[in-house]
Amino acid sequence: MILVDSTVWIDLLRKRRTKPTAILERLLDLGEAAVTLVIVQEILQGAADASSFERLHAHFLPLPLLESRSGAATHVAAAELYARCRWAGITPRSPHDCLIAMVAVEHDVWLLHDDRDFEHLAEMEPNLRLIPKR
């Protein structure tokens, strides 16, 4: 199973051909592409209208879902990761990315992304395994 960030899903939905979207297409064929609730939230909140929202919801509902195993502890770990980045002079653009990173770490899965913030997060969190973007 590989956790796929919303950046890659959005590129796929917009029919952008990138290395991460090509990998995602293979993962979908294998049934190995997973999401978290926050990734689904990010995708759904970008819907253009109610009809698009319903189509996206129906598409993402059956995907494998990696949930936090530790509840509040996962969110605390995500907040700590965000803070460690800030203390090092790096401010992630989205705290959601820290939560996504910590869910990937908890489940010991690779993360497929197309977001430079994850590169910074991986510098601060050595257990975060990223699939190279290029």
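Select Lys15 to begin; Lys15 lies in the loop between H1 and helix H2 (19-30). Helices here are DSSP runs of H or I with at least four residues, and strands are runs of E with at least two, both numbered from the N terminus. The phi angle of Lys15 is near 60°, a positive value in a residue other than glycine. Lys15 counts as exposed, at 71% relative accessibility, where exposed means over 50% relative accessible area, buried under 20%, and partly exposed in between (1.4 Å probe, protein chains only).

The model is predicted: local features need pLDDT of at least 70, side-chain atom pairs count only at pLDDT 80 or more, and totals for chains, interfaces and linings use all residues. Residues are numbered from 1 along each chain as its sequence is written, and side-chain values use heavy atoms, with hydrogens and water left out.

At 53% relative accessibility, Asp108 counts as exposed.

Colour the buried positions of H6: Asp97, Cys98, Leu99, Ile100, Ala101, Met102, Val103, Ala104 and His107. These buried residues pack against strand E1 (2-4), H3, helix H5 (72-87), strand E3 (110-112) and helix H7 (116-124), with contact taken as heavy atoms within 4.5 Å.

How far is the sulfur of Cys98 from the closest cysteine sulfur? The distance is 5.6 Å, to the sulfur of Cys85, which is too far for a bond. Cys98 counts as buried at 0% relative accessibility, and Cys85 counts as buried at 0% as well. A disulfide is a pair of cysteine sulfur atoms within 2.5 Å, and by this rule the count comes to 0 disulfides.

Now display helix H5, where Ala77 and Trp87 are found. Ala77 is partly exposed, with a relative accessible area of 21%, whereas Trp87 is exposed, at 64%. For two distance checks, draw lines between C-alpha atoms. Ala77 and Ile39, 38 residues apart along the chain, are separated by 18 Å. Trp87 and Val105 are 18 residues apart in sequence and 21 Å apart in space.

Finish at the largest pocket, by selecting Ile10, Leu13, Arg14, Glu42, Ile43, Gly46, Ala47, Ala48, Ser52, Arg55 and Leu56, which line the pocket. A pocket is an open set of points on a 1 Å grid over the protein atoms alone, where a 1.4 Å probe fits, with protein on both sides within 12 Å along at least five of seven lines; lining residues have an atom within 4 Å of a point. The volume of the largest pocket is about 200 Å³, counted as the space filled by probe spheres set on the points, which are joined across faces, edges and corners.

Which helices each supply at least two residues of this lining? They are helix H1 (6-13), helix H3 (37-44) and helix H4 (50-60). H4 gives the largest share, 3 residues. By class, the lining has 6 nonpolar, 2 polar and 3 charged residues; Ala, Val, Leu, Ile, Met, Phe, Trp, Tyr, Cys and Pro count as nonpolar, Asp, Glu, Lys and Arg as charged, and the others, Gly among them, as polar.
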